[in-house]
Amino acid sequence: QVQVVESGGGLVQPGESLRLSCNASGSAFSEYSMGWYRQTPGKEREMVAAITALGDIKYRESAKGRFTISRDVAKNTIYLQMNSLKAEDTAVYYCYVFYYRMYWGQGTQVTVSS
């Protein structure tokens, strides 16, 4: 069983930045593929950014150039640095781990509003 815990959400104004963190338990962290999805009410969950165990990275189109996903193996943690935030980035952000199956965190709210 892998425990996934997100942190770092909050309320910011348009154009500001936030960094989300996601800590995953277990000694096999270097074998995990991880990433971030987000969801708003009434909509399906959508992929934001992902990083595989080999370090391959992908982003949704609207996140390219603004968001950066990174990984710290020593801390069992990945990060999502979000810059130039827009109102449409408002959502609950969920971290996941894929290690033979999907594990999800509880989600962290990001609100971008003036």
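Visitor: What makes two strands a pair here?

Guide: Two strands count as paired if DSSP finds at least two bridges between them. In this predicted model, strand β7 (residues 67-72) and strand β8 (residues 77-82) share six bridges in the antiparallel sense. Six bridges meet the requirement of at least two, and therefore β7 and β8 are a pair.

Visitor: Which residue of β8 is the bridge partner of I69, and which residue of the hairpin takes a positive phi?

Guide: I69 has L80 as its bridge partner in β8. The hairpin of β7 and β8 has four residues between the strands, and N76 adopts a positive phi near 55 degrees.

Visitor: How do you know that β1 and β3 pair?

Guide: Four bridges join β1 to β3, and the two run antiparallel. At least two bridges are needed, so the four found here qualify β1 and β3 as a pair. Within this pairing, V5 stands opposite N23 in β3.

Visitor: Why are β1 and β7 said to stand at the edges of the sheet?

Guide: The open sheet has four strands in the order β1-β3-β8-β7, with antiparallel pairing. β1 (4-7) and β7 each have a single partner strand, so one side of each lacks a neighbour in the sheet. From one strand to the next, the twist averages 15 degrees.

Visitor: Why is S21 called buried?

Guide: S21 lies in strand β3 (residues 18-24). Its relative accessibility is 16%, and buried means under 20%, so S21 counts as buried. Leaving aside neighbours within four places in sequence, S21 is in contact with V5, E6, S7, W36, T77, I78 and Y79.

Visitor: What makes the pair of Y96 and W104 tilted?

Guide: The structure holds six aromatic pairs. In the pair of Y96 and W104, the ring centres are 5.7 Å apart and the planes stand at 55 degrees.

Visitor: Are Y96 and W104 buried or partly exposed?

Guide: Y96 has a relative accessible area of 9%, which is under 20%, so Y96 is buried. W104, at 35%, falls between 20% and 50% and is therefore partly exposed.

Visitor: Which residues do ring pairs link into a cluster, and which charged ends sit over rings?

Guide: The cluster linked by ring pairs consists of F29, Y32, Y99 and Y100. The charged end of R45 sits over the ring of Y94, 3.8 Å from its centre. The charged end of R101 sits over the ring of Y103, at 4.1 Å from its centre.

Notes: Residues numbered from 1 in each chain as written. Predicted model: local features only at pLDDT ≥ 70, side-chain atom pairs only at ≥ 80, totals over all residues. Heavy atoms only, no water. Phe/Tyr/Trp six-rings, centres within 6.5 Å; stacked < 30°, edge-to-face > 60°. Buried < 20%, exposed > 50% of the residue type's maximum accessible area, 1.4 Å probe, protein only. Lys NZ or Arg CZ within 6 Å of the ring centre and 35° of its normal. Contact = heavy atoms within 4.5 Å. Axes fitted to C-alpha atoms, helices over the stretch in contact; angles between N-to-C directions.
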